[in-house]
Amino acid sequence: TLIIEPPVYLAAMLDEFRIAGGRIVVREMPDRAAIQALPEKLVFNCTGLGAKALFDDEELTPIKGQLTILLPQPEVEYAVLVGDLYMFPRSDGIVLGGTHEEGVWSLDPNLESKQQILAGHKAFFDSFRRC
């Protein structure tokens, strides 16, 4: 499995984009007409869940995933994929995940999901002690 570190990869992509003459403009787009009125030849749609309202997309449904980030541990050089749980080491921390909640619009952290993720990973690693 190819694993990237998003902060490193995205920063490099932005650097390359700017070196090639691209520029980033952040602005509010209240409707499609505002997008069509832009003078730019190319526009990247980064509206995420906002696309539902902007483009009247009644089929767009969020799927919320919960991540828990542990402190970096350089000695952890492996990933874990077991059931719905996953763990990916990065230089800025260890990413633990394994949840998906269809139809949940809230951006607030789900502390119950965090505890389930931590408990699931603990159970996985504790199982090695019995071998």
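**Thr47 and onwards**

Reply: Let's begin with Thr47. Thr47 is partly exposed, at a relative accessible area of 32%. This is a predicted model.

Me: Where does Thr47 lie?

Reply: Thr47 is in the loop between helix H2 (32-36) and H3. Its C-alpha is 9.1 Å from that of Met29, and the two are 18 residues apart in sequence.

Me: What's the mean pLDDT of the protein chain?

Reply: The mean is 91. Of the chain's residues, 99% reach 70 or more.

Me: And where is confidence lowest, and where highest?

Reply: Lowest in helix H3 (residues 51-54), with a mean of 90. Highest in strand E5 (residues 93-97), at 96.

Me: Which element gives the largest share of the lining?

Reply: H1, with four residues.

Me: What does H1 look like, then?

Reply: Helix H1 covers residues 6-19, so to speak 14 residues by the DSSP run. From first C-alpha to last, H1 reaches 20 Å, close to the 20 Å expected at 1.5 Å a residue. Just after H1 comes Gly21, with a positive phi of about 100°.

Me: Which residue has a positive phi although it is not a glycine?

Reply: Asp56, at about 50°. Asp56 is in the loop between H3 and strand E1 (63-64).

Me: Is Asp56 buried or exposed?

Reply: Exposed, because its relative accessible area is 52% and the cut-off for exposed is over 50%.

Me: Switching to the inside. Which residues make up the largest nonpolar core?

Reply: Six residues: Val76, Val80, Met87, Ile94, Leu96 and Ile117. In soluble globular proteins, nonpolar side chains tend to be buried together.

Me: What does Ile94 touch, leaving out residues up to four places away in sequence?

Reply: Val76 and Met87 are among them. Ile94 also touches Thr68, Ile69, Leu70, Leu71, Gln73, Phe88 and Pro89.

Me: Thr68 is on that list. Is Thr68 buried or exposed?

Reply: Thr68 counts as buried, because its relative accessibility is 6% and buried means under 20%. Thr68 sits in strand E2 (residues 67-70). Beyond its neighbours within four places in sequence, Thr68 is in contact with Ile94, Val95, Leu96, Lys114, Ile117 and Leu118.

Me: Last topic, H4. How many residues has H4?

Reply: Helix H4 (residues 111-126) has 16 residues. H4 reaches 22 Å from first C-alpha to last, close to the 22 Å expected at 1.5 Å a residue.

Me: Which residues of H4 are buried?

Reply: Ser113, Ile117, His121 and Asp126. Ile117 is also part of the largest nonpolar core.

Me: Why might residues three or four places apart point the same way?

Reply: An α-helix has 3.6 residues a turn, so residues at that spacing point the same way.

Me: What covers the buried residues of H4?

Reply: The cover includes E2, strand E4 (85-90), E5 and strand E6 (101-102).

Notes: Residues numbered from 1 in each chain as written. Predicted model: local features only at pLDDT ≥ 70, side-chain atom pairs only at ≥ 80, totals over all residues. Heavy atoms only, no water. Core = buried A, V, L, I, M, F, W, Y, C linked by side-chain atoms within 4.5 Å. Buried < 20%, exposed > 50% of the residue type's maximum accessible area, 1.4 Å probe, protein only. Contact = heavy atoms within 4.5 Å. Helix = DSSP H or I, 4+ residues; strand = E, 2+ residues; numbered from the N terminus. Expected span 1.5 Å × (residues − 1). pLDDT = per-residue confidence, 0-100.
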